[in-house]
Amino acid sequence: MRTSLQPFISTAPGRLCLFGEHQDYLNLPVIALALPLTCTIEVIPRNDSRNLSLKFGTNVWSIHLDKIPPKQVVKDGDDLDFALAAVHEVLADGWVFRSGADCVSTTTIPLQAGCSSSSAFCVAWIQVLAKLANNQTTLSPLQVAQWAHCAEVAHFGSPGGTMDHVTSALGGILRIGPGMWDYQRLEMPTQQGFGVWVLAYSGEPKDTLKHLNRCKGERIRLLEKLGGSWDNNVDGLSLSEDEILLLKATITNRDMERQAAAEWTTESSSAIRPSVLASYMGKHHEALRDGLHLSTPCLEAMNEAALQAGARAFKVVGSGGGGCGVAWCSEDAVEPVALAMKQAGAPKTWVISESSPGASVRDVDVTADV
């Protein structure tokens, strides 16, 4: 089967959760920013083959579109697993592929670091499959997010929410929730002195599913014990000290996000008070650290160093237990804060002053001069 498709590039950004970490899967809202760090998949459609190949680092994955390997029951843990899951899901929906392709995936998003590198890959990969498939090239960004969530989470029965996929596909700064696919766009404040974020990698890879399963499972059981509402009266309930700590942390996280959203959505973006948002971020981190046990000695060393260097606030990023932390600071404190976190053990930092516009696909002009 021949195709007229030209080479193309699919890109999708990572995600930085600012408020509401570990609560999208509890149907509680979050505020997230699409990072200017991306997964990129370069695609050369095959005129002569139904073979679909994907190279990621030193790993090479290849299937024939007429002889798909069996559906996986347990995820092995890398983007190539999600690639096959996505193919299974879209074929089950009736997608018809016009051709095979040779694909190469690269990324500037730190891996296993809480910045949604895998979700960004899934978003970019769904765009690739949609471009290769017949009559499936008009997916909306939200539909791309839904398919990516299907491939990464629903396919494997994993515990994650939808924040990562929605943020990557739609871009910008979003308040996502409380429904799985509800979202509200937030403006990037333009007022002088609002500040920037300094993202820092701790050098400690995290175990995403371990922390997601623990934090979600423990709180689902606690919510059932509470009668279905975090605000129900606990008098007369036999709660352990750990459960009381977990309840307080969950309520704090929820309330800090609510208050941050109220501050962020004031009538004038110039009226946003950075010091107020910073206090909410700091309390959010304390709840993640003390109630959900998601920080590490290295992350806390980065936290202390950043604050001493002039940062307004710091929080752990993503599932926690390693990975990244982010400091929020004024523009003139960027260099000392970044340096302080490096000296505290961070091998890599990034200055985030704007959001990404979201996932995209563009054709490559093969006739252009190189």
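Me: How far apart are the mean positions of the positive and negative charges of the chain?
Reply: They are 3 Å apart, for 30 positive and 40 negative charges. Lys and Arg count as positive, Asp and Glu as negative; His and the chain ends are not counted. Each charge is placed at NZ of Lys, CZ of Arg, CG of Asp or CD of Glu. The model is predicted: local features need pLDDT of at least 70, side-chain atom pairs 80 or more, while totals for chains, interfaces and linings use all residues. Numbering starts from 1 along each chain as its sequence is written, and side-chain values use heavy atoms, without hydrogens or water.

Me: Why is His285 called buried?
Reply: Buried means under 20% relative accessible area (1.4 Å probe, protein chains only; exposed is over 50%, partly exposed in between). His285 has 2%, so it counts as buried.

Me: Which residues is His285 in contact with, leaving aside neighbours within four places in sequence?
Reply: Contact means heavy atoms within 4.5 Å. The partners of His285 are Ser295, Glu300, Asn303, Phe314, Lys315 and Val316. His285 itself sits in helix H7, residues 274–290. Helices (H or I, at least four residues) are DSSP runs, as are strands (E, at least two), numbered from the N terminus.

Me: What covers the buried residues of H3?
Reply: The cover includes helices H1 (79–92), H2 (117–132) and H4 (163–170). Among the buried residues of H3 are Val144, Trp147 and Cys150.
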